[in-house]
Amino acid sequence: MDWTERVTAGEWPLRTAVDAVLSVVLAPSCAACDALLDRPTRGPVCERCWESVRPLTPPLCDRCGDPLPTWRSISIPLARCPRCRRAGRLVDRARAIGPYDGALRAIVHAMKYEGRRSLARPLGALMRHRGADVLHNARCVVPVPLHSSRRRERGFNQAADLARHLGLPVVAALQRVRATPTQTGLPAAQRHRNMREAFGLTRAGATLAGVTVVLVDDVSTTGATLEACARVLREAGVAQVRALTAARVVSPPQ
Ligand SMILES: [Zn+2]
Ligand SMILES: [Zn+2]
């Protein structure tokens with residue numbers, strides 16, 4: 001182990017010295033809350049922000065991962081939310097680190113819009129931890145693709161960055177075949193319609209018949225994107241499609 005590895009592994013007092021120098025000379029601030037970082041070698045987000053990333057409160061819908069009212073799940077082993085009981089879902093099980101708010105939202109924003117790609121590693125570690133049941137026994141992870149024009153603009157696909165840190169082979173099974181207008185602010189039904197024909201299978205995707213795969217994205221909003229991706233994969237013969245995202249927008253209770 002050379003000294004730089006010791007520094008980044010936190011095993012040497014030098015790291016403290018490097019932190020002290022960096023925090024004075026560069027005065028870097030937390031990418032999520034703007035507070036000055038006193039340990040910049042540990043990454044662009046402060047410890048307080050990481051500690052405040054909370055999980056979704058169980059019990060959760062067995063399928064989509066939305067929190068359920070506690071009374072509902074007492075006697076039902078496979079609890080499902082009203083939406084999942086009403087509509088057939090192609091994603092068998094979806095989970096996230098936590099709700100898309102507070103520090104988690106700020107961290108995802110920093111990764112996606114400010115190009116802080118190094119955040120994919122700690123986010124991926126949290127996804128592995130809180131989504132362990134989703135990853136269990138899956139063959140591979142499949143990042144939700146960006147349309148090539150969006151990817152060119154941003155320079156990277158945040159879903160692919162996250163997928164690399166989940167401990168399973170990454171298969172680029174999907175491609176965007178149609179650019180979709182930004183979905184922000186649109187109602188769920190409209191999002192589902194817009195997404196329906198947005199994705200196609202790649203050559204790599206054609207090899208996944210009969211296996212269980214995990215779709216990976218940064219945020220699940222209405223689940224429209226994940227469902228559209230799952231449709232393509234199921235049509236290609238994938239046995240089971242699960243989903244793991246960094247964050248989830250919790251649907252209002254019904
Ligand atoms: Zn912070
Ligand atoms: Zn549900």
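The model is predicted: local features need pLDDT of at least 70 and side-chain atom pairs pLDDT 80 or more, while totals for chains, interfaces and linings use all residues. Residues are numbered from 1 along each chain as its sequence is written, chains are lettered from A and ligands numbered from 1 in the order written, and side-chain values use heavy atoms, without hydrogens and water.

I then checked the geometry. For reference, the ideal angle for four tetrahedral donors is 109.5 degrees.

C30 and C46 both lie in the loop between α2 (13-25) and α3 (47-51), so the pair ties together parts that are 16 residues apart in sequence. Helices (H or I, at least four residues) and strands (E, at least two) are DSSP runs, numbered from the N terminus.

I noted C30 and C46 as buried, and C33 as partly exposed, with a relative accessible area of 39%. Buried means under 20% relative accessible area, exposed over 50%, partly exposed in between (1.4 Å probe, protein chains only).

P28 lies in the loop between α2 and α3 and is partly exposed at 23% relative accessibility. I recorded 8.0 Å between the C-alpha atoms of P28 and P44, which are 16 residues apart along the chain.

**Strand β2**

In β2 (residues 140-143), C140 and V142 point one way and V141 and P143 the other, and all are buried. β2 pairs with β5 (residues 212-220) in the parallel sense over 4 bridges (pairing needs at least two DSSP bridges). I found V216 to be the bridge partner of P143 in β5.

**Nonpolar cores**

The largest nonpolar core has 33 residues, with I97, L123, M127 and L162 making the most contacts inside it. Such a core is a set of buried Ala, Val, Leu, Ile, Met, Phe, Trp, Tyr and Cys residues joined through side-chain atoms within 4.5 Å. Its largest share, 6 residues, comes from α5.
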